[in-house]
Amino acid sequence: MDTKIGAVDACNPASNDVGCLPNGGVAAMQNSVPSTLVNSSEATLGRHLARRLVQVGVTDVFTVPGDFNLTLLDHLIAEPGLNNVGCCNELNAGYAADGYARSRGVGACVVTFTVGGLSVLNAIAGAYSENLPLICIVGGPNSNDYGTNRVLHHTIGLPDFSQELRCFQTVTCYQAVVNNLEDAHELIDTAISTSLKESKPVYISISCNLAGVPHPTFSREPVPFSLSPKLSNQMGLEAAVEAAAEFLNKAVKPVMVGGPKLRVANASDSFVELADACGYAVAVMPSAKGLVPEQHPHFIGTYWGAVSTAFCAEIVESADAYLFAGPIFNDYSSVGYSLLLKKEKAIILQPDRVTIGNGPAFGCILMKDFLRALAKRVKHNNTAYENYHRIFVPEGQPLKAAPREPLRVNVLFQHIQNMLSGETAVIAETGDSWFNCQKLKLPRGCGYEFQMQYGSIGWSVGATLGYAQAVPEKRVIACVGDGSFQVTAQDVSTMLRCGQRTIIFLINNGGYTIEVEIHDGPYNVIKNWNYTGLVDAIHNGEGKCWTTKVRCEEELIEAIATATGPKKDSLCFIEVIVHKDDTSKELLEWGSRVSAANSRPPNPQ
């Protein structure tokens, strides 16, 4: 049976939906779109692309205008179902499409040729690293200029238009250069469907003179996509489940750990199904936070080696068998390669592959099929969770602050914890917010996003814009350091234009604190800004905005009360002044281990 893709409803966990994200991604395309004739003057490439974006669930496209994409933008904004969100720069437009895709299942941005394309490239690379379907559309040169010896503006001065394409080839799964109307329909549809199937970004370049030219291939409404589902090899699935069940059922205290590729595998529900059946202690890797419900009765926290949440690492690393579903083991997630794990004890699941211990390995097996089938074969064993429950000691509270005492970060996050509900979402910036936000306990339905694999500072500003635009019913709480905010601050402007009501906690500690804890130097100190003054200037009396500085707990309590009360419909920017050395204990540990990994001497030759 074909799997249809397009609307923004949550996925049916029993289906083999392709390109469907577990936290509300691309789902069944509605069959109500008739294949009707289009007025010949409207049978254009621009209209077709706009209709396609709406069909797959994109109702907001993040753009920066440039002369090569202006006519295309005219056609996109003419589509009633598509909202143009003009961003301050291309990097933020890409980050916004990233944040949007995390909630909607697919995102899109539009920039201009080369000068815009190379500017958005960094954001597209980040989306690629996080397996996000993102459609990057570039307004390209006039079709008549291809194959000539002409030098164009916005290029490096050579009569070669392929520089941008060559850059995108390494960070997208498909590239379409549309400079001919004859094959434009096929190229556009192939690019969008490939993005959904592969759950990766794609690149579409459209010649600036083609968007508004009618052509017979666009004479009908685009027929909804119907993509063949990915299927497991049934014999391989049965063999893998048999081997895994035997491996786990002889273990004394097995555990389960969810990884970030649960998202691209659309396997979160199947992971919980197995957890319900087996009774194992359940942990998540840091970049999988938010993909597994933390209300699960056997949830024990975040497994992050030496900086895990309390008592979690001890249970995972002392287990005699562990099942990792969709892990990414890099130097950051392994805390400088210091995890105390043994390969022979591990079952490693990737989206389409199962490896048991040092072998055997089984390919062409979908993770969600494997987890669901394994749930019917494993014996119930709650020994590891009982051990966790036995040694667990509830977390202490931060030391009580004296009246008007300078605010401490642990006190700040205690109050942020109390703000969370199913109607909120947390966006955590690269830096100490990684570690502090990891310790937040997410209520059911509370969203959570951060970018760990790529770790691009400044990502959270654009991602917050995109995420909040995708789910206006949730109030986004963004935690960002001063150093990161300086990279991408401009698009607070776009949040105000869109009427968003995000709460931004700007943690002002005078520099790049995460870099300080890895390797300190004068380059980690930044020029201090009047951050609330900056946002007030950006606000400029247009839109709803409220800002404040807080220096002690009393001011913080008052600020949160205002942001969630009288100013609940405004964008609220709370600048939190803290000491430059006030960091989480996890960052201190993590920084020293990553520093040791970075500074390993060369191996002797």
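Helices, as DSSP runs of H or I with at least four residues, and strands, as runs of E with at least two, are numbered from the N terminus. The model shown in every view is predicted.

**View 1. Asparagine 540 in the loop between α18 and β20.** The loop runs between α18 (531–539) and β20 (545–550). Asparagine 540 has a positive phi of about 50°, although it is not a glycine. The residue is exposed, with a relative accessible area of 56%.

**View 2. Threonine 114 in the loop between β4 and α4.** Threonine 114 is not a glycine, yet its phi is positive, at about 60°. Threonine 114 counts as buried because its relative accessibility is 5%, and buried means under 20%.

**View 3. The cis peptide bond between glycine 359 and proline 360.** Omega is about 5° at this bond. Proline 360 sits in the loop between β14 (353–356) and β15 (361–363).

**View 4. The largest nonpolar core, with Phe62 among its most connected residues.** This core has 98 residues. Those with the most contacts inside it are Phe62, Phe413, Phe485, Phe505, Ile574 and Trp590. Leaving aside residues up to four places away in sequence, phenylalanine 62 touches Val85, Cys87, Ala93, Ala96, Ala97, Tyr100, Ala108, Cys109, Val110, Leu465, Gly466 and Gln469.

**View 5. Another core, apart from the largest one.**

Methods
Residues are numbered from 1 along each chain as its sequence is written. This is a predicted model: local features need pLDDT of at least 70, side-chain atom pairs count only at pLDDT 80 or more; totals for chains, interfaces and linings use all residues. Side-chain values use heavy atoms; hydrogens and water are left out. Buried means under 20% relative accessible area, exposed over 50%, partly exposed in between (1.4 Å probe, protein chains only). A nonpolar core is a set of buried Ala, Val, Leu, Ile, Met, Phe, Trp, Tyr and Cys residues joined through side-chain atoms within 4.5 Å. Contact means heavy atoms within 4.5 Å.
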